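This report concerns the surroundings of a ligand and the packing of a pair of helices. Please examine the sequence and the structure before reading on.

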Amino acid sequence: MGKTKDELYSEMSDAVVNMEEELSAQLSNEAVESGYDAFEAIDLGLAKGMEQAGRLFDDGEYFVPELLMCADALNAGVEILKPYIKTERQEKKHKIVIGVIAGDTHDIGKNLVKLMLSSAGFDVIDLGRDVPPSVFVERAVQENAKIIMISSLMTTTMDGMADVINILNEKGIRNEFKVAIGGGPVSRRFADQIGADGYSSNANQAIKMANELVGR
Ligand code: B12
């Protein structure tokens, strides 16, 4: 008998945790062939594995090399599933600029958020990682974006998010953009504290939040 969807997702998660790049790709193909939702397979399969890898790192069981191999396994699966993500069409494509704040090079979470937002029909412009606060503002103005999204995974870099909002205020253009933040050390409380408009703890909810921010 074939395996259930939950079993497959759990195997996908394990493949990421166990740094098995080929297996991750193979199981992702299996998800596609079984007709499962690609978005769901990333969210409930591959991404769960990366979260687990993060916990192993926090517990001192995994170190940087292991994490990089986990990330490779995650990406191998994501590459297979990406073309199958159902994309919603928006009548008007709202633009979002997204990036990881200066000093921070953790971009796995940002990449997942970007993928989900694109699938929800947003026009997402990726500024990459280690992005200075002023660049978020410059690019948002240039692109005429509706939302600025900032990711930070470190307590040492999260204050840069407040700087983005400060620059917007100084330039007198704070009202022209919605600002949303996320990442490991970031909380709703921190978002309120720095005057951000949105916060979400995961990529899935980021879609709902973005829709709310543009009034959809
Ligand atoms: C993977 C990882 C790495 C990888 C990064 C690979 C890459 N390309 O991203 C590597 C090995 C390179 C790395 C390096 C370092 N890391 Co590191 N890393 C992690 C780890 C284990 C997991 C992060 C991750 O990818 N999680 C999986 C993703 C899917 O989850 P996520 O990022 O949280 O994203 C989700 C949500 O947060 C949300 N989200 C994220 N961004 C956004 C943005 C918006 C707008 C929204 C709405 C939502 C949202 O949606 C995402 C999907 O659901 C964390 C520990 C942990 N448990 O988080 C440490 C951690 C972040 N690293 C840490 C550190 C210190 C470092 C290093 C300095 C070196 C070191 N000592 O290990 C370097 C520094 C690099 C730098 N200058 O940026 C610390 C930070 C401590 C702190 N000060 O806060 C942590 C917390 C580990 C620890 N406990 O010490 N790291």
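In this predicted model, domain 1 (5–84) and domain 2 (95–213) each contribute at least three residues to the shell around the ligand. In total, 36 residues surround the ligand, and the closest are Gly-54, Ile-108, Gly-109, Ser-151 and Gly-182. Sorted by class, the shell contains 19 nonpolar, twelve polar and five charged residues.

Which elements supply at least two residues each of this shell? They are helix 3 (38–58), helix 4 (64–81), helix 5 (108–119), strand 3 (147–151), strand 4 (178–182) and helix 9 (203–213). Helix 3 provides the largest share, namely six residues.

A second topic is the packing of two helices. In general, such a pair is described by the angle between the axes and the distance between them. Helix 1 (residues 5–17) packs against helix 2 (residues 21–33) at an angle of about 160°, and their axes are 9 Å apart. Because angles over 145 degrees count as roughly antiparallel, helix 1 is roughly antiparallel to helix 2. The crossing of these two helices is left-handed.

| Helix | Residues in the contact |
|---|---|
| Helix 1 | Leu-8, Glu-11, Met-12, Ala-15 and Val-16 |
| Helix 2 | Leu-23, Ser-24, Leu-27, Ser-28, Glu-30 and Ala-31 |

How many residues of each class does the contact of helix 1 with helix 2 have? There are seven nonpolar, two polar and two charged residues.

Key: Residues numbered from 1 in each chain as written. Predicted model: local features only at pLDDT ≥ 70, side-chain atom pairs only at ≥ 80, totals over all residues. Near = placed C-beta within 6 Å. Helix = DSSP H or I, 4+ residues; strand = E, 2+ residues; numbered from the N terminus. Nonpolar A, V, L, I, M, F, W, Y, C, P; charged D, E, K, R; others polar. Domains from an automatic or database assignment. Axes fitted to C-alpha atoms, helices over the stretch in contact; angles between N-to-C directions. Parallel < 35°, antiparallel > 145°, perpendicular 65-115°, else oblique. Left-handed = near helix turned anticlockwise from the far one by under 90°. Contact = placed C-beta atoms within 7 Å.
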